[in-house]
Amino acid sequence: MKYDFDLEDHSKKRKEIFLRVVLWILEIAVVLFVAYAITHFGLEKMTVSGDYMKPTLKDGDEILINKMSYHLHKVKRNDVVVVKHDGSQHSYYTIERVIGLPGEKLQIKDGSVYINGKKLKEKYDFPQMENGGLALEELKLGADEYFMLCDNRNECEDSRNANVGNVLKSDIVGKAWIRTNSITLINYINAFEHEKPSDPSASPEASAQTK
């Protein structure tokens, strides 16, 4: 003869086992989701091929791309980003520096960048450009377009070239974040000399970096 408390005890055990199984399944699902999110939306590894971003990045450098960055905040001038290009045969990726922002008018005159008619005092002492390419004539960026330049400016292809042009926001894979072969933030590894303004009004923050 089974008593009521025996039936209740078995029922509790079945509920406990059921809950454990459900929690176990949920834990597995969370782990799989996190792994998928990191792979597809979080971090991705890339090896630099070529010296077009030298001295910021050189051939063979390994970097981590922060793919979540621009889901959380806007693309900023001077950000170093990874761009996806759709070639005639296959897609390829490049690393470039953001110079022109959506809605701005941009022109390259006498080897320098002008934003909305004002000379851009850039953050670093980049080589003077020998060719302005598509930006020899003033161009206006669309609501979702960015103008990119490489750091090794006379030895690369970027938004000045017809086969690259302005870059759409949807083609920006993410922010070049960390150089893993030296564990250094890319924003702080640039080997260019910083400008040394003589007064506060000449500082990069106070310059013609119209946003």
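These exercises look at salt bridges in the structure above.

The model is predicted: local features need pLDDT of at least 70, side-chain atom pairs count only at pLDDT 80 or more, and totals for chains, interfaces and linings use all residues. Residues are numbered from 1 along each chain as its sequence is written, and side-chain values use heavy atoms, with hydrogens and water left out.

**Exercise 1.** State how many salt bridges there are.

Solution. Start with the rule: a side-chain nitrogen of Lys or Arg lies within 4 Å of a carboxyl oxygen of Asp or Glu. Then count: the rule gives nine salt bridges.

**Exercise 2.** Locate the partners Glu-104 and Arg-77.

Solution. Take the distance: N to O is 2.9 Å in this salt bridge. Next, place the residues. Helices (H or I, at least four residues) and strands (E, at least two) are DSSP runs, numbered from the N terminus. Glu-104 sits in the loop between strand 4 (91-100) and strand 5 (105-109), and Arg-77 in the loop between helix 2 (69-72) and strand 3 (80-86), so the pair ties together parts 27 residues apart in sequence. Last, check burial (buried: under 20% relative accessible area; exposed: over 50%; partly exposed: in between; 1.4 Å probe, protein chains only). Both Glu-104 and Arg-77 are buried.

**Exercise 3.** Describe the salt bridge of Arg-97 with Asp-151.

Solution. The closest N and O atoms are 2.8 Å apart. Arg-97 is in strand 4, while Asp-151 is in the loop between strand 9 (145-149) and strand 10 (167-168). The two are 54 residues apart, so this pair links distant parts of the chain. Arg-97 and Asp-151 are buried.

**Exercise 4.** Name the residues linked in a network of salt bridges.

Solution. Lys-58, Asp-61 and Arg-179 form this network.
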